[in-house]
Amino acid sequence: MSRVNGNAGQSVLFVSIAFPPKFDSEGLQVSKYLKYLIGECGPELPIDVVTSRVPTLNMPFDASLAPSAQGLRQRVELPIFENKYTNFLLRKLWPSLAYSPDSKFTFHHQWWRAARQLRSTPGLIYSRSFPASSALMALKLKRHFKVPWLFHLSDPWADSPHIEYGSQRARQYNQQLERMCFEAADVICLTSHRTIQYYQKKYADLNKRFEFYPNVYDPEDVVAPTSFSNQGRTKLRLVHTGGLAGSRSPEPFLRALSMLETKYKERLEVIFAGHVDRQNRAILSKYAESGVNYLGPLDTYQEAIRLQQSADVLLLIDFPVDREDLRVYFLSKLLDYHLTGKPILAVTDAGSECANFIAGERSHSFTRPDSAGMARHLEWLVEEFSQGRPDYFQSRPVRLEYSAAHNARRLAELFREFL
C-alpha cells in the first residue's frame, strides 16, 4: 500500500493489551513511547486506544504509569476472559486453542465490539505485541476500516524458543498467523537489527516493510553523571531486578559466587528483586549461605529504578537460546540498567544481542558454562571497589538512539507519511 492515504481520517488507533497502567515489560515500553508520542502527534493527530480492562492477568496495575497515557482522545477497554486455572487446562488439553495465539485470545475475538465503540474511523492503526493477540485485533480492525497498519513486534513470534506450544498443530497455526499478519501489515517495526535480519531471511518477499524501532529508555530517568566513591562502604553491591522463570536461571552466577573465597564473599552484597518462579526460588535458597538476599516482587517500576540506582554493578540474566540465529532478543531491562550509567555483568549466550550491546561499555558478559570466569571477574570487581579505583565504576553516557523521545518523534513522522 502507498504511504499516502487521502481518504482516511487524521487519527491514530493504538492497539495494545499491554497498555499503561499495566506493569509488565511490554507495558513499560508502551508507556515510554506513549509519553512522548502524544505530544509529538499533537491535537491535529489524536490517538485513540483499544486495550484490555484492568485487571488483566499477569499485568499488575501500577498507578505511577497512568500519567503517560494522559491526552488520549478515546480509550476502549475490553474484558479478557481467562484465569490461571483455565489457562493451565487449555495448555494441557487443547493447546491449539491456548496458543491461538496466546491465552488472551478472547481479546481479538471482540474486534467487532471495539469497532462499534470507536467514535471515529482511524486514519491508521498502530499495534504493539506482545501479547500477539494485540496483533490479531489490529489485523481484524485493519480489514474492517481498510486503513494502513503499522505492526510493532517486540520479539520473534512463531519461532520463539521461549514458547512451548504443546503440539505441532499449535506451532503450525502460529506460523500461519504470523505470516498473515506480516503480509497484511504496511510496516513491521522490530526492536533489534538482528531481528530484522532474521525476518528478512524468513520473509524475503517483504524486505521493504521492516523498520528499526528499538526498546527505549525515558530520557527523564537518566541519572546525572556522578563521581564514584566507596567512602564509608565495605561491600560491593550487585543488584538484579526482574523476573526469573524456567531456564532463565540465576544458578550459573550463583555457582560462581559459591566458588569465591570467604574473604571475597564477605565484601559482596548480592540482591535479587522481582517475580521468581518456584524452581528458581529454590535455587536462590540453595545459595543463601553465599550472601544472596532475595527481596521478592517489587510493587512499582519506580521501586525497581531506585534499587538499580543503588547498585555498584547491575546483574543481567538473559534467556538461553540454542539457535544462534535466534539470539536476537534485546531485553528492555538492559536499557533501564544502561541509563543508570552503572557497569553490567551479563549472563547470556555468545553473540547475543545483549552481549553485543554491552561490548565496549566497560561491562562484561559471560556464557552460562563459564562460572569460573564469572568468579574471577567478581574477585577483580571486589579488588577494584576496595581500592577505590573509579575508572570502571564511573558513570557512562547514555545512547541517544534508544531514547523514547527520539524514537517517538521518528514514529510520529512515520504516521504522517501514511496520512
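Predicted model: local features only at pLDDT ≥ 70, side-chain atom pairs only at ≥ 80, totals over all residues.
Helices here are DSSP runs of H or I with at least four residues, numbered from the N terminus.

**A leucine in α15**

L381 lies in helix α15, which covers residues 371–386. Its relative accessible area is 0%, so L381 is buried, given that buried means under 20%. Setting aside neighbours within four places in sequence, L381 touches L236, V313, L345, Y392 and F393. Take F393 from that list: L381 and F393 are 12 residues apart in sequence, and their C-alpha atoms are 9.3 Å apart in space.

**Aromatic pairs**

Searching the whole structure turns up 18 aromatic pairs. Two of them are set side by side here:

| Pair | Geometry | Centre to centre | Angle between planes |
|---|---|---|---|
| F182 and Y203 | tilted | 4.8 Å | 45 degrees |
| F385 and F393 | edge-to-face | 6.1 Å | 80 degrees |

F182 belongs to helix α7 (residues 168–184), while Y203 sits in the loop between α8 (193–202) and β7 (210–212), so this pair ties together parts that are 21 residues apart in sequence. F182 and Y203 are both buried. In the other pair of the table, F385 and F393 are buried too.

F182 and Y203 also belong to a cluster linked by ring pairs, whose other members are W149, F151, Y198, Y199 and F210.

**Arginines over rings**

Two arginines are worth a look as well. R248 lies over the face of F319, 4.3 Å from the ring centre. R410 lies over the face of Y213, at 4.1 Å from the ring centre.

Notes: Residues numbered from 1 in each chain as written. Heavy atoms only, no water. Phe/Tyr/Trp six-rings, centres within 6.5 Å; stacked < 30°, edge-to-face > 60°. Helix = DSSP H or I, 4+ residues; strand = E, 2+ residues; numbered from the N terminus. Buried < 20%, exposed > 50% of the residue type's maximum accessible area, 1.4 Å probe, protein only. Lys NZ or Arg CZ within 6 Å of the ring centre and 35° of its normal. Contact = heavy atoms within 4.5 Å.
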